[in-house]
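Visitor: I'm new to this one. Could you show me around?
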Amino acid sequence: MGSILFSPLKLRGLELPNRIMVSPMGQYSANEGSAGTWHMVHLGTMSVSGAGLLVIEATAVNPEGRLSPRDLGLWSDANEAALAPILDFCRKEGGARLGLQLWHSGRKGSVAVAWERQLAIPKERGGWTPLGASAIPYPNRTTPRALDADGMRRVTQDYVAATRRADRLGIELLELHSAHGYLLHNFLSPLTNQRDDRYGGSRENRMRFPLEVFKAIRDAWPEHKPLGVRISAVDWVEGGWEIDDSIAYASALKALGCDYVTASSGGAVPEQNIKPVPGYQVPFAESIRRATGICTVAVGLITEARQAEEILAGGKADLVALGRRMLYNPRWPWHAAVELGEEFYYPKQYERSHPSMQGGDFLRPARNM
Ligand SMILES: Cc1cc2nc3c(=O)[nH]c(=O)nc-3n(C[C@H](O)[C@H](O)[C@H](O)COP(=O)(O)O)c2cc1C
């Protein structure tokens, strides 16, 4: 019998050829939000990696929704035009279906890029006043402005405009980022939401804005295309967002037409107490899947083919997302296929690298996806 890892998965009208997702990973390599040659190489490489789904990094819906001035965005015609040839390459040469993560950085915004320690940057160096659910700063960062009703309307419109751009670009799946201490998580978590209007207080109120944004995107996104959500399943802090909250949120999302939830965690506050061990977030994906019946994506220190297979076979998740392991070894799916005895897609230029071909046998080793 074949593996589950290399079996297809259908989400609405999109059939993924296997259950391996390249987790969205910010590259801090855009100019004014526009992708460039780094993205061509990076996304091009990931698209021929053998993964069934490539989710493009957190992509800001407006300039102040970036974390650093070098983040990718999709708010302008220039941003859209810059991504087009890269996606053309991925479609023509790659086997991965193409997704993109929509994002607003919220209160964490206006910092230097990751490798410059993400310190707050002043306006003279391209910084801005970030937005949050409440005017509570992330330690050592600029104090955010609490979004008012008008601001919420504008941000929602920006999500919708970016959704339309993604559709025009031929993106096949969207993921709404509501994790890691960014804008929508600012609303969800009681640690960062101290509002006294209908967007703060009870869990239902704190979920209201993220759900409104989700609904606006779902309404603008073609019916046949899947829309998922990344969540921080827990804050890892006492008094923060807990797994029961995530189950309630996933149920509400499912009722609005959400196709999957990726169970990540943390990011709201630096005091979080996380002990990352292999597969440390898998139990969150499993709890959410069992409680709500929604498809889940497991992510976080999934590095081995058999580990991934066991997660899927155990009914803990429907997909596995790999981040750092794909950067370390962008041919991970090829190696996993060999380990699990699967036939597999290789780009034709590289097919003679398959272990079965090293004795001079020029037969094709793999079916094309
Ligand atoms: C360089 C880098 C950039 C990342 N950028 C994003 C991002 O844009 N959006 C997101 O949701 N997670 C982001 N993450 C988190 C990963 O998607 C993933 O959840 C995390 O690294 C844990 O999975 P792993 O152990 O397989 O790396 C990033 C991680 C890394 C290492």
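Visitor: Let's begin with F89. Which helix does F89 lie in?

Guide: Keep in mind that we're looking at a predicted model. Follow the chain to residues 77-93 and you'll come to the helix that holds F89, which is helix 2.

Visitor: Is F89 buried, partly exposed or exposed?

Guide: The relative accessibility of F89 is 34%. Buried would mean under 20%, and exposed would mean over 50%, with partly exposed in between. So F89 counts as partly exposed.

Visitor: Which residues form a nonpolar patch on the surface with F89?

Guide: Together the patch has about 240 Å² of accessible area.

Visitor: Which element gives the most to the lining of the second largest pocket?

Guide: That pocket has a volume of about 180 Å³, and M40, V41 and F89 are among the residues lining it. Helix 1 (37-47) and helix 2 are the elements that give two or more residues to this lining. The top contributor, with four residues, is helix 1.

Visitor: And the largest pocket: which element supplies the largest share of its lining?

Guide: The largest pocket has a volume of about 1000 Å³, and 42 residues line it, with P24, M25, H180, R230 and S264 nearest its centre. Strand 4, strand 5, strand 12 and helix 9 each supply at least two lining residues. The largest share is three residues, and it comes from helix 9.

Visitor: How many residues in the lining of the largest pocket are charged?

Guide: Sorted by class, that lining has 19 nonpolar and 16 polar residues. As for charged residues, there are seven.

Terms used. Residues numbered from 1 in each chain as written. Predicted model: local features only at pLDDT ≥ 70, side-chain atom pairs only at ≥ 80, totals over all residues. Heavy atoms only, no water. Patch = residues over 30% accessible without salt bridge, like charges linked within 9 Å, V, L, I, M, F, W, Y side chains within 5 Å. Areas by Shrake-Rupley, 256 points an atom, 1.4 Å probe, with all protein chains shown as cover. Salt bridge = Lys/Arg side-chain N within 4 Å of Asp/Glu carboxyl O. Buried < 20%, exposed > 50% of the residue type's maximum accessible area, 1.4 Å probe, protein only. 1 Å grid on protein atoms, 1.4 Å probe; cavity = no way out; pocket = protein on both sides within 12 Å on 5 of 7 lines; lining within 4 Å. Points joined across faces, edges and corners; volume = space filled by probe spheres on them. Nonpolar A, V, L, I, M, F, W, Y, C, P; charged D, E, K, R; others polar.
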